[in-house]
Amino acid sequence: MSAETHSPVREPLHRPAGLAGFASDWASDQRTFKNVSWGKAMMWIFLLSDTFVFGCFLIAYMSARMSTAVPWPNPSEVFALHIGGSDVPLILIAIMTFVLITSSGTMAMAVNYGYRHDRRKTALLMLITALFGATFVGMQAFEWTKLISEGVRPWGNPWGAPQFGSTFFMITGFHGTHVTIGVIFLLIIARKVWRGDFDTGKAGFFTSRKGQYEIVEITGLYWHFVDLVWVFIFAFFYLW
Amino acid sequence: MVDIRHGTGEQIGPAEVEDVELYHPHSWWTRYVFSQDAKIIAVQYASTAIAIGMVALVLSWLMRLQLGFPGAFAFIDAERYYQFITMHGMIMVIYLLTALFLGGFGNYLIPLMLGARDMVFPYANMLSYWLYLLAVLVLVASFFAPGGPTGAGWTLYPPQAVMSGTPGGNDWGIVLMLSSLILFVIGFTMGGLNYVVTVLQGRTRGMTLMRMPLTVWGIFTATVMALLAFPALFVACVMMLFDRILGTSFFMPAIVEMGEQLQHGGGSPILFQHLFWFFGHPEVYIVALPAFGIVSDLISTHARKNIFGYRMMVWAIVIIGALSFIVWAHHMYVSGMNPYFGFFFATTTLIIAVPTAIKVYNWVLTLWRGDIHLSLPMLFALAFIVTFVNGGLTGLFLGNVVVDVPLSDTMFVVAHFHMVMGVAPILVIFGAIYHWYPKITGRMLNEAMGQLHFWVTFVGAYLIFFPMHYLGLIGMPRRYYEMGETAFVPASAHTLNEFITIMALIVGAAQIVFLFNLIWSIRHGREAGGNPWRATTLEWQTPETPPRHGNWKELPVVYRWPYDYSVPGAAEDFIPQNQPGATSHAPEGAS
């Protein structure tokens with residue numbers, strides 16, 4: 001039995017396709033999601049939980065916006081920049097969205113190179129992703145500064161319902177925190193990739209076990225999630 | 001009578017995952033304090049939870065003293081009384097029950113019962129405990145902060161929770177409470193992800209989901225629910241913290257306080273109630289489902305019989321878990337809502353009684369003609385069934401809008417939820433501690449002290465909470481500091497209150513016997529051996545007792561379901577899960 005226990009990792013015995021495969025995976029021993037590592041499973045479940053956090057924030061915001069007796073400020077006017085003599089609505093938000101979605105693209109490329117164990121390209125692409133992320137946070141800081149200088153506060157604003165400022169700062173702030181944490185994680189893992197930690201079996205990130213290149217993909221999952229959440233914030237807060 | 005299936009010659013697949021490397025500690029500090037071993041983390045969680053639970057016990061004494069003997073204790077003024085009930089409720093529900101079931105029993109039992117070496121991410125698991133401890137310390141700090149802890153009631157309803165009329169409302173109390181809850185949720189998420197992934201992806205060879213002991217099913221389902229319900233609490237806490245600190249108006253409508261118009265306006269207190277109860281109702285089952293699971297295993301082991309209807313039990317747990325997310329507004333019948341909503345939530349609430357009743361029937365049918373050993377864990381399990389049925393039946397009363405409206409905010413509600421989610425799960429916790437203590441320490445708990453503890457606790461709990469139903473029915477409101485002179489409360493009700501208070505003091509004192517037993521037996525208890533209850537599940541088959549770091553020398557292979565007790569033709573009246581062979585009475589698909 002000892003020889004069996006320490007035998008190399010093998011494919012499970014029977015794996016039918018389709019619905020039967022789904023049933024057999026759930027009825028099987030050891031792993032419910034075959035070929036999904038512990039780390040990846042954990043990230044997916046965390047993202048499910050985090051979805052509920054953002055969901056609650058957005059539903060709370062929507063209920064506040066729908067039930068307020070005071071008019072809600074018009075986002076197209078509030079989030080306009082004065083460029084070349086005319087107000088361009090939502091221009092900064094459009095650029096921010098573009099930057100964040102682009103960063104998802106570079107992240108996906110980093111994952112690809114990570115699986116080819118191409119240290120330099122992986123690290124470089126993660127660095128570029130982090131740079132896009134930092135740019136996004138920077139532009140958000142600019143947006144916050146502009147609104148604050150115009151008199152928007154968590155407890156009130158010059159144009160209407162006080163909940164406008166409070167939900168705006170809370171939701172974009174919470175999302176911005178997510179992006180910032182993502183940037184920090186990207187930098188830490190890019191450094192580990194660059195040093196070759198995952199080739200020499202050094203301890204991974206957030207665990208005392210050997211690190212794997214898969215952590216690049218797991219970080220990517222988080223990054224794409226943060227990107228996706230932004231799309232919802234964009235739709236519900238700015239476009240509504 | 002029993003379905004016995006012979007020699008299917010089942011083939012167990014090879015290991016799909018390499019045996020994990022564990023971080024082996026090098027010093028006393030990393031071995032016992034900053035430990036990554038789930039078993040040590042479990043004991044840390046449990047000790048912290050019991051310690052803070054003792055604080056909550058003393059608080060309940062103090063509030064009972066006021067109710068039984070109003071005005072006799074000068075230091076219990078109205079403000080303190082509200083602080084006591086608030087902290088008692090919050091500590092018991094979150095910091096004791098949730099932490100002990102999931103952080104304590106979850107950490108100890110999941111890896112051992114599934115034949116894993118540890119949780120999948122021991123490092124995050126360790127962080128989970130330290131964040132929990134930090135949350136507890138922040139909570140305790142509020143006792144020493146200016147203005148004392150919050151007195152808003154455990155539901156923390158705004159707007160009163162953050163106003164000056166409530167103790168701690170415009171002091172530190174509410175801020176520390178909310179911060180502590182936020183820390184708790186973050187810490188719990190780290191642990192909870194571990195429990196879920198360990199169950200889904202970290203089982204040993206042969207351990208299918210339908211071969212997991214019901215204990216693991218209960219803890220697993222409760223953890224999934226917690227990961228989806230705690231976000232609502234997290235969001236509610238963040239928003240109320242902003243209302244309090246930044247002056248936002250998420251939950252604060254326009255309010256005149258002491259003749260002064262406050263700066264708030266336009267917020268919705270009902271929104272908080274929805275967020276809170278979207279967490280709060282699943283929370284009831286986050287506490288109850290692990291209890292359901294554990295009690296199933298206790299009954300099966302100590303009645304030497306397989307659990308009746310194993311798969312029905314599993315599906316009942318899953319269905320209860322799912323339904324509990326669509327019943328939350330039955331806590332808000334008197335908050336004002338569309339009558340059609342009341343109808344919807346009353347219906348879903350009553351539907352939950354179906355899977356719950358299935359579980360109760362199956363427990364009783366497991367006992368039916370069993371070889372019942374009235375050991376301490378069994379006594380507590382039996383006490384649980386009775387108490388849970390009692391509390392559950394009053395739940396059916398309160399689930400109906402027309403019955404709830406007059407009974408809401410009376411002692412009847414207090415009696416209901418203390419029976420169903422206070423006393424019942426606590427009884428399971430006691431039973432579980434008596435059951436698994438021998439595995440954790442290698443020694444049995446003292447039987448005589450245990451009997452005393454059981455009988456005083458069980459009978460005493462009934463003497464405390466049964467009369468409260470009556471007090472509620474005659475209209476005695478809850479949350480009142482003192483009743484004063486009222487026409488509808490007879491003098492005998494006050495005598496009853498005195499009686500309840502004296503009982504509460506006695507039952508509380510019995511818990512000191514239990515604590516003493518826990519400590520005394522570590523050195524003086526009878527040697528237990530590896531499997532004192534002759535149980536089938538994997539945690540009793542470890543090579544060492546207490547199990548070492550990594551649990552096993554070679555990972556066990558599972559050949560059968562966890563309930564092969566009294567199998568006809570077997571050499572002994574139990575067959576461990578890791579013993580090969582065809583004789584079994586597992587149902588089709590579970591074997």
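Guide: Here is a tour of the contact regions, followed by a few spots around them.

First, some ground rules. This is a predicted model, so local features need pLDDT of at least 70, side-chain atom pairs count only at pLDDT 80 or more, and totals for chains, interfaces and linings use all residues. Residues are numbered from 1 along each chain as its sequence is written, while chains are lettered from A and ligands numbered from 1 in the order in which they are written.

Let's start inside chain B. Where they meet, 47 residues of domain 1 of chain B are in contact with 43 residues of domain 2 of chain B. Being in contact is a matter of C-beta atoms, placed from the backbone, lying within 7 Å.

Which elements give two or more residues to the domain 1 side? They are helix H2 (38-68), helix H3 (78-114) and helix H6 (214-245) of chain B. Helices (H or I, at least four residues) and strands (E, at least two) are DSSP runs, numbered from the N terminus. H6(B) gives the largest share of that side, 18 residues. Sorted by class, the domain 1 side has 36 nonpolar, 10 polar and one charged residues. Here Ala, Val, Leu, Ile, Met, Phe, Trp, Tyr, Cys and Pro count as nonpolar, Asp, Glu, Lys and Arg as charged, and the others, Gly among them, as polar.

Now bring in the other chain: 48 residues of chain A are in contact with 50 residues of chain B. On the chain A side, the elements giving two or more residues are helix H1 (2-5), helix H2 (18-27), helix H3 (38-67) and helix H7 (163-195) of chain A. H3(A) gives the most, with 14 residues. That side of chain A divides into 27 nonpolar, 15 polar and six charged residues.

How far can you trust chain A? It averages a pLDDT of 90, and 94% of the residues score at least 70; pLDDT is the predictor's confidence in each residue, from 0 to 100. Over residues 1-8 of chain A, though, the pLDDT is below 50, and this stretch has 10 contacts in the model beyond near neighbours in sequence. Where pLDDT is low, the predicted coordinates should not be read in detail.

Next comes the largest nonpolar core. Of its 241 residues, Val235(B) and Phe380(B) touch the most other members. A nonpolar core is a set of buried Ala, Val, Leu, Ile, Met, Phe, Trp, Tyr and Cys residues joined through C-beta atoms within 7 Å. A residue is buried if 20 or more other C-beta atoms lie within 10 Å of its own, exposed if 12 or fewer, and partly exposed in between. H3(B) supplies the largest share of this core, 24 residues. Both domain 1 and domain 2 of chain B give residues to the core, so it lies between them.

Zoom in on Val235(B). Leaving aside neighbours within four places in sequence, Val235(B) is in contact with Val53(A), Cys56(A), Phe57(A), Ala60(A) and Leu275(B).

Let's look at another helix of chain B, H5(B). The 29 residues of this helix (residues 173-201) should span 42 Å at 1.5 Å a residue, and its end C-alpha atoms are 42 Å apart, which agrees. The expected span is 1.5 Å times one less than the number of residues. H5(B) is mostly covered, with 26 of its 29 residues buried.

Pro159(B) sits in the loop between helix H4 (122-144) and H5 of chain B, and the peptide bond from Pro158(B) to Pro159(B) is cis, with omega near 5 degrees. Most residues other than glycine have a negative phi, and most peptide bonds are trans.

One last stop is Arg479(B), in the loop between helix H13 (447-473) and H14 of chain B. Arg479(B) has a positive phi of about 70 degrees although it is not a glycine. Because Arg479(B) has 13 C-beta neighbours inside 10 Å, it counts as partly exposed.

How values were computed: Two residues are in contact if their C-beta atoms, placed from the backbone, lie within 7 Å. Domain bounds come from an automatic or database domain assignment.
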